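Hi there,

Here is the structure I promised to pass on. My notes on what turned up in it follow below.

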Amino acid sequence: MSVVRTAAVVLLGVAGAAMAAAGPVMAVQGWKARTEIRLELRGQSITFPGEGPAVRQGAPVLTGPQARAYAEVIGRNVLAATGGRSYAEVSAELFAAGEEDEKLSGLRQTAFMGQMLRASLLNAYQAWQVTTLVIGLGALLTTTGAALLTTSATLATTA
C-alpha cells in the first residue's frame, strides 16, 4: 500500500472513530438538556388559559414549542392591557407625566412583568431549539463517522 493510501486510511479511520464516538455523546447531552427543560417547565406548573383553537384549556406547558405558544398568549395579553404600547412606551408616558400617574404606573408594572414572563418562556423555547440542533448534529456526526470508518476499512482492504 502506498504512503498516501496508508495516510488516507489512518486519517479517515481516526476522524471516523472520533466522530462516531462524539456523535452519541452529543445526542445524549441534547436529550439530557431537553429533559431539564421539561422538568423546569413542569415545576412552573404553567397551564394554557384556553386561547386559540390548537390549545386545550388547562393543558400544561412542557415543551419548547408550547412555551413559545404561551409566550405569544402573554404578548397579546400585555399589548391588550397596555393599549398596544410596549413597556418602553408606557414608561416614557409615565416619565412625561411626572411619574405620578397611578394608572400608568400600574400599566408599566403589568408590561414589565408580562414581558419578563414572555422572555423567560422564549428562553425555554430557544434552549429547546438548541437541544434539537445538538441532537441532530450528534446523529450527523455518528453517521458521518460510520461512513468514514467504512471508507477507511474499504481502502485498507482493496488494492
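Predicted model: local features only at pLDDT ≥ 70, side-chain atom pairs only at ≥ 80, totals over all residues.

L148 is found in helix 4 (helices are DSSP runs of H or I with at least four residues, numbered from the N terminus). Leaving aside neighbours within four places in sequence, L148 touches L12, A15, G16 and M19, where contact means heavy atoms within 4.5 Å.

Residues are numbered from 1 along each chain as its sequence is written, and side-chain values use heavy atoms, leaving out hydrogens and water.

Now the core. The largest nonpolar core has 15 residues, and L41, V61, A67, Y70 and L121 have the most contacts inside it. Such a core is a set of buried Ala, Val, Leu, Ile, Met, Phe, Trp, Tyr and Cys residues joined through side-chain atoms within 4.5 Å, buried being under 20% relative accessible area with a 1.4 Å probe, protein chains only. Helix 1, helix 2 and helix 4 each supply at least two residues of this core, and helix 2 gives the most, with five. Beyond residues up to four places away in sequence, Y70 touches I46, T47, F48, P49, V61 and L121.

Happy to talk it over!

Best wishes

Definitions and conventions. Buried < 20%, exposed > 50% of the residue type's maximum accessible area, 1.4 Å probe, protein only.
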